[in-house]
Amino acid sequence: CFPTRLCLFLDQKATERVWCEHCSPSLSGGYRPDGSVTLCSNNVFSQKHVAETMVHELIHAFDDCRAHIEWNNCEHLACSEVRAAALSGDCRFLNEIQRGNISIAGQFKRCVRRRAELSIKMSPACKASAVRKSAHFPKIPRAISTAGRGNSGPL
């Protein structure tokens, strides 16, 4: 993987791989299978938000390189979205409070699933009904899902 896709990302200037565009109100950014990342200039309002969005999208880039994701396969997409939501900071407690999702027990797990579902619903290849199938949501290994929170198991 490294000699092909990742090298394309590393060998080019960041300005050739990161695009700022006007997007629909529900998007902060996106990863494209060509290895580029889009940041939504109208929907990212702080340096912290830009950083979290970049981390989220670069997790997709890593998954694409490592696991050869088929982006039209809902199970592949679900796996990558779960990882991105769990690892990027999307589900930090303060982010959840700002969204009005206040709960202690199981909040991280619910957030990861909700954020992954939101992302999957935006994919033209994955219908909303297919998103709700629990088979699309993998068990999250303790190492990537919990960061010490004790929330392993299926979403």
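A nonpolar core is taken here as a set of buried Ala, Val, Leu, Ile, Met, Phe, Trp, Tyr and Cys residues joined through side-chain atoms within 4.5 Å. The model is predicted. By this definition the largest nonpolar core has 12 residues: Tyr-31, Val-37, Leu-39, Met-54, Ala-61, Ile-69, Trp-71, Cys-74, Leu-77, Ala-78, Ile-120 and Cys-126.

**Nonpolar cores**

- Helix H4 gives the largest share, 3 residues.
- A second, separate core has 8 residues, among them Val-82, Ala-86, Phe-108 and Val-112.
- Beyond its neighbours within four places in sequence, Leu-39 contacts residues that include Val-18, Trp-19, Val-50, Thr-53 and Met-54.

**Sheet and packing helix**

- Three strands form an open sheet in the order E1-E3-E2, with mixed pairing.
- Strands E1 (18–21) and E2 (29–31) are at the edges with a single partner strand each, so one side of each has no neighbour in the sheet.
- From one strand to the next, the twist averages 20°.
- Strands E1 and E3 (residues 37–40) run parallel and are joined by 4 bridges; Trp-19 is opposite Thr-38 in E3.
- Helix H3 (residues 47–67) packs on the sheet and touches E1, E2 and E3, its direction making about 15° with that of E2.

**Disulfides**

- The count of disulfides is 3.
- The sulfur atoms of Cys-23 and Cys-40 are 2.2 Å apart in a disulfide, and its S-S torsion is about -80°, so this bond is left-handed. Because Cys-23 lies in the loop between E1 and E2 and Cys-40 in strand E3, the pair ties together parts 17 residues apart in sequence.
- Cys-74 and Cys-126 also form a disulfide, with sulfur atoms 2.2 Å apart; the torsion of about -125° makes it left-handed. This pair links helix H4 to the loop between helix H6 (107–121) and helix H7 (128–131), 52 residues apart.
- Cys-74 counts as buried at 12% relative accessibility, and Cys-126 is buried at 3%.
- In the disulfide of Cys-91 and Cys-111 the sulfur atoms are 2.1 Å apart, and both residues are buried. Cys-91 is in the loop between H4 and helix H5 (93–98), whereas Cys-111 is in helix H6.

**Other cysteines**

- Cys-20 is in no disulfide, and the nearest cysteine sulfur, that of Cys-40, is 9.0 Å away.
- With 59% relative accessibility, Cys-20 counts as exposed, while Cys-79 is partly exposed at 30%.

Definitions and conventions: Residues are numbered from 1 along each chain as its sequence is written. This is a predicted model: local features need pLDDT of at least 70, side-chain atom pairs count only at pLDDT 80 or more; totals for chains, interfaces and linings use all residues. Side-chain values use heavy atoms; hydrogens and water are left out. Two strands pair if DSSP finds at least two bridges between them. Helices (H or I, at least four residues) and strands (E, at least two) are DSSP runs, numbered from the N terminus. Axes are lines fitted to C-alpha atoms, for helices over the stretch in contact, and angles run from 0 to 180 degrees between N-to-C directions. Contact means heavy atoms within 4.5 Å. Buried means under 20% relative accessible area, exposed over 50%, partly exposed in between (1.4 Å probe, protein chains only). A disulfide is a pair of cysteine sulfur atoms within 2.5 Å.
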